[in-house]
Amino acid sequence: MSITENVARVRAQIAQAALAAGRKPEEVRLCAATKMNDAAAVREAIAAGVDCCGENRVQELVQKSRENAYLGAPVHFIGRLQTNKVRQVVGKVDLIQSADRLHLLEALQAEAVRQGIIQDILLEVNVAGEESKGGFAPEEILPLVENFGRFSALRVRGLMTVPPICQNSGENRKFFQEILDLSVDIGAKKYDNVCVDILSMGMSGDFADAIACGSTMVRVGTAIFGPRRYAAPQP
Ligand SMILES: *Cc1c(COP(=O)(O)O)cnc(C)c1O
């Protein structure tokens, strides 16, 4: 299957999941998770109509930007971001989905102030409390957004989560539901620098469940590009 065919199939599955949940297909945006795929693959996905691209690694973001891989499509950062690399990401991407710790927020704020811009971000939630993953604990989110006024150069657009890899479909619904509830709680109030309109959850294996639980952005890699070749040398 070509990337073009895969995007069409994923779109159809998104539409089906949305309609089954009584939602409109266009409420769910498709972010292509482009890690380890080259500029040509990224261009094909964009031509096939993905809404945006999500990069995990700063080096790939820099390299593909240089190669004009994104063709003007929105680019998001979705991976773990080291604070010493914020300069290569802030102001270069439309959305940083993986704002996962206080120290990073402070670094993003400082860099956005330096550039004189407002950077859109999502707060990443470590919904299952996994040691191996970044992200705020669910109970940290409300106190954080209540005091977000101090991050004058950041704007929270919503939440992002990467739940555990699940073996059986439906297993992650409880986690998606928990993050939906949290985002509804935040969205119901008015906090400085917070405007909740994006809920980024769902990947190749579980996006239909995420859409059933209110996701407005799915991040899909394998189902579009095929399996990643982890044997390739890592940058
Ligand atoms: C790789 C990645 C995805 C996509 O994963 P697939 O299972 O290949 O669809 C989504 N989100 C993040 C943060 C990723 O790193």
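In what sense do E2 and strand E3 pair, and over how many bridges? Hi everyone, let's start there. E2 and E3, which is residues 75-77, run in the parallel sense and share three bridges; strands count as paired if DSSP finds at least two bridges between them.

A quick word on the model: it is predicted, so local features need pLDDT of at least 70, side-chain atom pairs count only at pLDDT 80 or more, and totals for chains, interfaces and linings use all residues. Residues are numbered from 1 along each chain as its sequence is written, and side-chain values use heavy atoms, leaving out hydrogens and water. Helices (H or I, at least four residues) and strands (E, at least two) are DSSP runs numbered from the N terminus.

Back to Gly 54, which stands opposite His 76 in E3. Getting from E2 to E3, the chain passes through helix H3, residues 58-66, in a right-handed β-α-β crossover. Right-handed means that, with the strands pointing away from the viewer, the path from the first strand over the helix to the second runs clockwise.

Now the other neighbour. Strand E1, residues 29-33, also pairs with E2 in the parallel sense over three bridges, and Ala 33 has Gly 54 as its bridge partner.

Which residues of E2 are buried on each side? Cys 52 and Gly 54 are buried on one side, and Cys 53 and Glu 55 on the other. Buried means under 20% relative accessible area, with a 1.4 Å probe and protein chains only.

Definitions and conventions:
Buried < 20%, exposed > 50% of the residue type's maximum accessible area, 1.4 Å probe, protein only.
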